Amino acid sequence: MRRFAALGIVLALLLPATGETQAVVGQPWTCSVDEQDDSTVRCIAAPEPGLRLYITDVVAQSTTSTAGLFNIVQGTATAQGGGADCSTANANMWPATDAGARYAAAANTSAATAFRPSSPVIVPTGRDVCILGDAGNPVTVQLFGYSAP
Amino acid sequence: MRRYRLRDVAWSVLVLAGLVYMSLAVALKPARAQNIAGLQFTCAADDIGATLTRLTGCIAPEPGMRRYVTDIVAQSTTTTSGQFILRYGTGTNCGTGTTSLLPSAATAARIASPANTAAPTVISFRSPLVVPSGKDLCVLGVATNTTTIQVSGYVAP
């Protein structure tokens, strides 16, 4: 009994340190779009059924010396339900407003826009992730994250 | 008999306390990418113009291992900003199988290296940038307003 108890205590003390090395849960992914104007283009397709995309990092920059704007959009594409580049069930996701592109992609003379939300942005299951950019000052955007249930 | 039971209770309490501690530690610890699971590295390149150049020290690690980039700091070497792109490949200065890493959709320098009178571009990733196994890491800047860049991370399978 005493040995089991001692083992339990040792495990209890060790496990938190082990858990600390778990950076992300699930399969990591990254996607990017370049010179994106005010149309919406797919960055990454929805993962297999039952999995969702989680966005952990966003890096954005205007391709000109003037800041551009962008928005992260979710929707479905041809493979999932008609339309392309999130054109079906299209919804602004980040920011989740009905307006157009809102976040600044810093001018290419300024430090890059870099988001690292403490809580990952969760994409609804079955949805692709797209980027809406800026006509006058197209943006380059790279997203990072993982897919998990 | 009574003393034996008390000892059992004491041990049970200790085990329970340990389990509670473990659960709280795991539950309350935020998922973080900066926990280093492998060997740390840092590489740099200075005064990088419009020529793809391997970062000093960023040759491919041993077979089966990959570089995970967690942090990037970039600055122009002049009072005017420049831009850069990270690419990987093999051969001299990533000249073979050259592929873009950040931004991966571009082939030209896109990310700003701000003027050396402004704060640098600092990017810390929650999900690290992964350089494929067997590939060197290189940077391409722009002419005149060249880039100095430091890349940090860890090496792991």
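## A buried pair between chains

D34(A) and R110(B) are both buried. This model is predicted. In it, the two side chains form a salt bridge, with N and O 2.8 Å apart.

R110(B) has a relative accessibility of 13%; the limit for buried is under 20%, so R110(B) counts as buried.

Together, D34(A), E35(A) and R110(B) make up a network of salt bridges.

## A bridge within chain A

Over all chains, the whole structure holds four salt bridges. One of them links R42(A) and D128(A), whose closest N and O atoms are 3.4 Å apart. R42(A) belongs to strand β2 (residues 40-44) and D128(A) to strand β9 (residues 128-132), both of chain A, so the bridge ties together parts 86 residues apart in sequence.

Are these two side chains buried or exposed? R42(A) has 35% relative accessibility and therefore counts as partly exposed. D128(A) has 0%, so D128(A) counts as buried.

## A buried arginine without a salt bridge

R126(B) lies in strand β7 of chain B, residues 121-131. R126(B) is buried but has no salt bridge. What is the nearest side chain of opposite charge? That is D57(A), 5.6 Å away. A salt bridge needs a distance within 4 Å.

The side chain of R126(B) does reach backbone oxygens of chain A. One belongs to P117(A), at 3.1 Å. Another belongs to R116(A), at 3.4 Å.

## The sheet that holds β7(B)

In chain B, four strands build an open sheet in the order β1-β9-β3-β7, with antiparallel pairing. At the edges are β1 (39-48) and β7 of chain B, and each of these pairs on one side only. On average, neighbouring strands of the sheet are turned by 20 degrees against each other, direction ignored.

Strand β3 of chain B spans residues 66-76 and pairs with β7(B) over seven bridges, in the antiparallel sense. I72(B) stands opposite I123(B), which is in β7(B).

Terms used
Residues numbered from 1 in each chain as written. Chains lettered and ligands numbered in written order. Predicted model: local features only at pLDDT ≥ 70, side-chain atom pairs only at ≥ 80, totals over all residues. Heavy atoms only, no water. Helix = DSSP H or I, 4+ residues; strand = E, 2+ residues; numbered from the N terminus. Buried < 20%, exposed > 50% of the residue type's maximum accessible area, 1.4 Å probe, protein only. Lys, Arg positive; Asp, Glu negative; His and termini not counted. Polar contact = N/O pair within 3.5 Å; in protein donor to acceptor, adjacent residues only side chain to side chain. Pairing = 2+ DSSP bridges. Axes fitted to C-alpha atoms, helices over the stretch in contact; angles between N-to-C directions.
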